[in-house]
Amino acid sequence: MSLRSFEDVVVGDELPAKTVTLTRGNLVNYAGVSGDPNPIHWSDKVAEWLGDPGAVKEYNVRFTSPVYVEADEAAAIEFNGKIKSLDPESKTAVVAIVAKSEGRKIFGRATATVRLA
């Protein structure tokens, strides 16, 4: 994987939207594991826009609304993001992250600071 270039990013750029599904089985797995299996920590696909999952320097989120997952159905969560600021000295970007389920925002003040090439 190659890291996204700092020169190719400008404030206001929107990241490609992505929808993921969450099942009851996912929740059971999460509850049964003592660590934090959030995909941001281990999934290359979650970090595919950036090109390197190790380039996430900081991640902050406040959950504002629960996602209800029925026993027989998956819940869809729609993610997108937008470049809020760039630091040319450190070649980092602050990305504002939006997550919605059934049209409701589930994050408040969610940001990630990422390293660019």
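At 28% relative accessibility, D52 counts as partly exposed. This aspartate belongs to a predicted model, and it takes part in a salt bridge with R115. The closest N and O atoms of the two residues are 3.6 Å apart. R115 is likewise partly exposed, with a relative accessible area of 30%. The two partners sit in separate parts of the chain. R115 lies in strand β6, which covers residues 107–115. D52 lies in the loop between α2 (39–42) and β2 (56–63). The pair therefore ties together parts that are 63 residues apart in sequence.

The structure holds 2 salt bridges. Besides the pair of R115 and D52, R104 forms a salt bridge with E102. Here the closest N and O atoms are 3.7 Å apart. R104 has a relative accessible area of 29% and is partly exposed. E102, at 70% relative accessibility, counts as exposed. The cut-off for exposed is over 50%, so E102 falls in that class. R104 falls in the class between 20% and 50%, so partly exposed is the term that applies.

Along the chain, V20 and E78 are 58 residues apart. Neighbours within four places in sequence set aside, V20 is in contact with A75, A76, I77 and F79.

A further case comes from the segment before β1, where S2 is found. At 61% relative accessibility, S2 counts as exposed. S2 and A117 are 115 residues apart along the chain. Their C-alpha atoms are separated by 8.5 Å. S2 also touches L50 and G51, not counting residues up to four places away in sequence. The loop between α2 (39–42) and β2 (56–63) contains D52, the salt-bridge partner of R115.

How values were computed:
Residues are numbered from 1 along each chain as its sequence is written. This is a predicted model: local features need pLDDT of at least 70, side-chain atom pairs count only at pLDDT 80 or more; totals for chains, interfaces and linings use all residues. Side-chain values use heavy atoms; hydrogens and water are left out. A salt bridge is a side-chain nitrogen of Lys or Arg within 4 Å of a carboxyl oxygen of Asp or Glu. Helices (H or I, at least four residues) and strands (E, at least two) are DSSP runs, numbered from the N terminus. Buried means under 20% relative accessible area, exposed over 50%, partly exposed in between (1.4 Å probe, protein chains only). Contact means heavy atoms within 4.5 Å.
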